Amino acid sequence: MSKTMTRMSTRSWSNIESHPSKVEVSPAKKRKTVENSCDSPYKVKNSKSVGRDPMEIAQQITLNYNIDPYDCKDDVLVDGVIVMMRHYDLFRLFSFEETAMRNFIRKVKAYYNPKNIFHNFKHVWGVLHVSYQILIHGGDEYLLPLDIFAIMVAALCHDIKHPG
């Protein structure tokens, strides 16, 4: 087995082991994944993706395991958190509005220093995203909605005011 390092893994200790049983992704599918990533629609002002629904793009990035939050604008990542919570119907189950959660996420984001190379909001979103991926791929099987909500909030807040 060979080790494949992702751009995200260069910012952390993690890496991905390639496995012979994994399905190869076709070049056309790889192109589509790149077109749907944060890099294209959110960093390039005159991109063909301008005008697309931001929540649609957030939906696509949350489902993409290989997304690098460092390629995304923070507004996209905030939308991604909302998408993840919608997936589990948390707004209805716990009787609160999406706008309240957006405000909470923005307050949490304000506690992260964007100049901190690692422990910043993009890192926190990456932790939340991996947690979400684990949940949607079977990790939620024995959990209550409150457990899922707690995991998401804990992922968002786990490094608040981390100095380094």
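**View 1. Salt bridge between Asp79 and Arg102.** In this predicted model, the closest N and O atoms of Asp79 and Arg102 are 2.7 Å apart (salt bridge: a side-chain nitrogen of Lys or Arg within 4 Å of a carboxyl oxygen of Asp or Glu). The pair links distant parts of the chain, 23 residues apart: Asp79 sits in helix α4 and Arg102 in helix α6 (helices: DSSP runs of H or I, at least four residues, numbered from the N terminus). Asp79 is buried at 10% relative accessibility, and Arg102 is buried at 17% (buried: under 20% relative accessible area; exposed: over 50%; partly exposed: in between; 1.4 Å probe, protein chains only).

**View 2. Salt bridge between Lys109 and Asp74.** The N to O distance is 3.3 Å. Lys109 belongs to α6 and Asp74 to α4, so the bridge ties together parts 35 residues apart in sequence. Lys109 is partly exposed at 28%; Asp74 is partly exposed at 23%.

**View 3. Salt bridge between Arg92 and Asp89.** Their side chains meet at 2.6 Å, N to O. Arg92 is exposed at 55%, while Asp89 is partly exposed at 32%.

**View 4. The largest nonpolar core.** This core has 32 residues (buried Ala, Val, Leu, Ile, Met, Phe, Trp, Tyr and Cys joined through side-chain atoms within 4.5 Å). Helix α4 gives the most, with eight residues. Ile61, Met85, Ile105 and Met152 have the most contacts inside the core.

Residues are numbered from 1 along each chain as its sequence is written. Local features need pLDDT of at least 70, side-chain atom pairs count only at pLDDT 80 or more, totals for chains, interfaces and linings use all residues, and side-chain values use heavy atoms, without hydrogens and water.

Terms used
Helix = DSSP H or I, 4+ residues; strand = E, 2+ residues; numbered from the N terminus.
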